[in-house]
Amino acid sequence: MNDVILDMRQIDKSFPGVHALDHVDFNVRRGEVHALMGENGAGKSTLMKVLTGIYKKDSGTIIFEGKEREFTTPKEAQDAGVIIVHQELNMINHLTVAQNIFIGREPKKGLFIDDEKMNKEAAKLFERLNIDINPKERMMNLTVGKQQMCEIAKAVSHDAKVIVFDEPTAALTDGEIRELFAIIRDLRSKGMGIVYISHRMNEIEEISDRVTVMRDGAYVGTVNTVDTNKDEIIHMMVGRVIYEDPKAESNVPKDAPVVLKVENLNAGRMVKDVSFELRKGEILGFSGLMGAGRTETARAIFGADPKDSGYIYINGRKVDIKSPEDAVANGIGYLSEDRRRYGIVVDKTVAENVTMATLENFVSGSFIDEEAERKEAEKYIEQLDIRTPSPHQKVANLSGGNQQKVVIAKWLARNCEILIFDEPTRGIDVGAKNEIYQLMNELVAQGKSIIMISSEITEILRMSDRIMVMCEGSITGELDICEATQESIMHAATLRE
Amino acid sequence: MEKIKNIALVKKIGFNKLVLVFVLILMYFVFALFSPTFISYDRILSALSYSYFLGFLALGVTFVIATGGIDFSIGPVMFASALISGYLLTRSGWPLVLCLVISVLVGLIFGAINGYLVAYWDVAPFITSMGLMQIAKGAGSVFTHTQSVSWPQSSEANGWYRNLVRYSNGSISIPVGLITLLVVAFICAIILNKTKIGRYILCLGSNKEAVRLSGVNVRKWQMLAYVISGTLVGIAAIFFVGAYTTVQPGLGDQYNNEAIAAVVMGGTSMSGGVASIGGTIIGVMIISLLQEGILALGFTKDFQLIITGLIVLTAVYLDVFSNQKKN
């Protein structure tokens with residue numbers, strides 16, 4: 001059993017301001033499935049990127065097949081037999097299955113590509129892996145599951161010795177997951193080392209031999225899957241010291257009126273039958289792992305993306321929100337997780353951004369009343385303590401925290417009663433973070449209601465009065481703040497229906 | 001250099017624009033040196049005549065480029081306007097004033113269709129304007145049975161419209177067109193910088209999604225930019241025939257490039273969000289002087305095409321380059 005094919009020792013990697021990998025140890029044996037787990041930002045992907053040469057490590061050693069190696073490009077890693085099957089598939093839709101598998105190394109007959117030979121080779125490969133796919137089929141006609149199998153076949157055809165699966169089941173149906181697992185077991189029995197990154201606890205229990213947990217860029221520990229259980233793994237994942245006290249109890253009276261009610265909302269693949277209520281003066285936390293569908297839910301409510309079905313009620317009145325315009329007219333404001341793309345117009349001024357949602361209030365006759373606009377901006381610069389030399393400064397020149405305040409000012413100017421804060425403190429330094437928290441508390445004290453989406457559990461516990469947990473597009477838990485713990489949230493976040 | 005950039009007046013007008021003005025003056029002197037006729041008032045008026053219709057085209061397309069779009073149909077649409085309204089005037093005998101209104105309407109309708117396709121159907125402006133360019137050329141041809149249309153000369157009945165370009169009564173010549181162009185440019189600058197229309201056009205050119213998520217009906221404002229542009233194209237048609245009277249079907253493409261060259265040279269960013277009406281006007285003057293000067297120096301028109309092409313490439317390169325530096 002101690003036949004280690006890949007051994008990563010004391011891998012260290014820093015980015016400006018972040019210690020992404022802190023002397024991490026990780027090894028894979030021949031013929032095992034080794035699960036790599038951790039919260040968002042724990043460092044799993046960074047570690048795999050260091051392995052395959054996308055990032056250069058600062059220190060540490062990688063020993064592959066008994067020799068120290070350092071791959072400088074993914075191609076080099078691939079040639080050596082270390083291959084990642086990505087979450088997003090790298091397939092060209094208009095080519096056939098065989099063409100995709102042999103892309104860049106097509107068998108030639110003189111000047112031309114030998115299609116016949118290529119199809120035969122692909123068919124042989126599929127037979128070996130017990131995959132039932134026609135090599136001549138165009139990639140776009142396959143289901144996501146089948147496409148993924150082509151990706152695996154491609155990896156195997158590269159003579160892979162270590163295959164890394166990054167969240168492979170995220171887009172698969174149960175039947176496809178069965179097939180995938182059969183293939184993974186088959187690869188394992190052939191002596192390959194398999195790294196399996198996933199958040200799905202029950203899959204980990206089913207497929208993996210060992211589990212390594214990472215947290216905040218550091219190695220936490222490795223356990224044999226048979227010797228552990230879900231609770232222990234979750235504890236390893238979240239067991240960090242909490243610097244900020246969580247909120248002890250909800251500040252919202254039980255009989256506070258419901259300002260927003262969402263009923264059976266469906267939108268695309270990522271929002272499935274979502275229902276919840278938001279009460280006046282409440283901060284409703286939305287927790288979950290990356291890709292849980294929280295942002296998609298917010299965007300569907302706000303009218304930024306189309307809804308498939310479902311109802312939205314504001315103050316008990318059914319509303320039909322088809323566009324952000326409708327949402328804003330109904331008193332909803334949305335702070336996007338991606339501030340620079342969706343929140344602000346960076347090369348316009350603070351004043352122009354602050355009045356973006358309320359410009360009609362600053363138009364007299366046909367002209368913009370620049371004086372009134374400047375006054376409005378100055379009001380919020382003072383109220384929110386936005387650090388800018390003047391209202392006419394370009395927002396691009398402000399820090400992340402101050403840019404976020406400009407977006408908040410935009411919605412306050414609009415006097416929105418319902419605010420959706422999507423990752424409000426992402427990319428913001430600690431000091432500005434606390435200011436944003438304080439501001440949110442002031443807003444709910446004034447009777448506004450906030451939905452806060454956050455991937456940081458500590459932030460969720462500190463700010464929320466009530467917590468909704470989402471997993472793969474569905475609501476998988478509703479917790480009152482007095483009963484919520486990191487563990488209980490993580491339980492719900494890794495629950496798969 | 002840094003010292004000059006820091007003078008208050010230079011800052012207010014913009015260093016780049018002053019460079020352009022300097023280039024314009026320098027060009028004039030170079031042309032005057034090689035071709036002394038350039039010093040004559042008539043020659044200047046002739047160069048100016050070219051700048052009027054080109055100016056209206058460029059002003060219009062400034063709005064479109066400010067949204068991050070592009071329009072390759074303006075030249076042919078201008079010709080379609082002039083052909084259709086001119087045919088109605090000279091062959092069908094419709095009243096002149098009505099025909100002038102129709103000219104503007106034709107431009108407006110093309111602009112509205114273009115804007116609708118871009119804003120509401122999310123088709124790339126490059127594609128829609130290519131399609132409309134073909135349609136405009138074809139429509140002009142079909143309407144006039146593939147014949148050129150000659151608007152009346154000054155001395156003929158209905159010839160007074162030419163006074164819009166240049167008022168002459170034997171002894172004096174007044175460039176009325178220049179006054180009109182500058183007044184319209186001033187109005188455009190006001191719209192772009194002081195009104196809600198301009199604010200939204202510039203903001204959506206910069207970051208359309210952020211403006212949409214602020215609850216603004218971005219489609220409406222995006223379409224409006226094309227409608228403004230189309231209207232100005234219709235006006236440009238009047239000033240084209242006012243200067244040259246004859247229009248042929250199936251042409252007009254070259255003016256797209258000249259107008260876009262003038263706009264980009266004037267400091268309007270091809271990626272949208274930044275626009276300068278003053279810069280556009282200076283750019284138009286440079287292109288107009290260039291075309292007159294090249295002919296005066298005895299070169300053929302082909303050289304002008306090459307130089308205009310080079311100007312577009314240089315201006316776009318500088319635009320991209322300065323964007324990269326910013327990021």
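At what angle do helix 5 of chain B and helix 10 of chain B pack?

First, some ground rules. What you see is a predicted model, in which local features need pLDDT of at least 70, side-chain atom pairs count only at pLDDT 80 or more, and totals for chains, interfaces and linings use all residues. Residues are numbered from 1 along each chain as its sequence is written, while chains are lettered from A and ligands numbered from 1 in the order in which they are written.

Let's start with chain B. It has 13 helices and 4 strands; helices (H or I, at least four residues) and strands (E, at least two) are DSSP runs, numbered from the N terminus. The radius of gyration of chain B is 20 Å, close to the 20 Å that the globule rule gives for 327 residues, so chain B is as compact as a globular protein of that length. That radius is taken over C-alpha atoms, and the rule is 2.2 Å times the number of residues to the power 0.38. Along its principal axes, the C-alpha trace of chain B spans about 60 × 50 × 35 Å.

Now back to my opening question. Helix 5 of chain B and helix 10 (residues 218-244) of chain B pack at an angle of about 65°, and their axes are 8 Å apart. Axes here are lines fitted to C-alpha atoms, for helices over the stretch in contact, and angles run from 0 to 180 degrees between N-to-C directions. This crossing is right-handed; a crossing is left-handed if the near helix is turned anticlockwise from the far one by less than a right angle, and right-handed if clockwise. Among the residues making the contact are B:Val77 and B:Ser81 of helix 5 of chain B, and B:Phe240 of helix 10 of chain B. Two residues are in contact if their C-beta atoms, placed from the backbone, lie within 7 Å. By class, this contact has 9 nonpolar, 3 polar and no charged residues. For the classes, Ala, Val, Leu, Ile, Met, Phe, Trp, Tyr, Cys and Pro count as nonpolar, Asp, Glu, Lys and Arg as charged, and the others, Gly among them, as polar.

Helix 5 (residues 74-90) of chain B has another partner, helix 6 (residues 96-120) of chain B, at about 150° and with the axes 8 Å apart. These two helices are therefore roughly antiparallel to each other; that label is for angles over 145 degrees, with under 35 roughly parallel, 65 to 115 roughly perpendicular and the rest oblique. Their crossing is right-handed. B:Val77 and B:Ser81 take part here too, along with residues including B:Phe110 of helix 6 of chain B. The contact divides into 12 nonpolar, 4 polar and no charged residues.

What about helix 6 and helix 10 of chain B? Their axes come within 7 Å and cross at roughly 150°, which makes helix 6 of chain B roughly antiparallel to helix 10 of chain B. Again the crossing is right-handed, and the contact has 19 nonpolar, 10 polar and 1 charged residues.

Next, where the chains meet. The contact takes 17 residues from chain B and 23 residues from chain A. On the chain B side, the largest share, 9 residues, comes from helix 9 (residues 196-212) of chain B.

On to chain A, with its 17 helices and 24 strands. Its C-alpha atoms fill a box of roughly 75 × 55 × 45 Å, taken along the principal axes.

Strands of a sheet pair through backbone hydrogen bonds, either parallel or antiparallel. In chain A, 4 strands form an open sheet in the order 14-13-16-17, with antiparallel pairing; two strands pair if DSSP finds at least two bridges between them. Strand 14 (271-279) and strand 17 (317-319) of chain A are the edges, each pairing on one side only. The twist averages 20° from one strand to the next. Helix 9 (residues 294-302) of chain A packs on this sheet, touching strand 13, strand 14 and strand 16 (309-314) of chain A.

Chain A also has an open sheet of 6 strands, in the order 18-21-22-15-23-24, and its pairing is mixed. Its edges are strand 18 (332-335) and strand 24 (474-480) of chain A. Inside it, strand 21 (residues 418-422) and strand 22 (residues 449-453) of chain A run parallel, joined by 5 bridges. One bridge pair to find on screen is A:Leu419 with A:Ile450 of strand 22.
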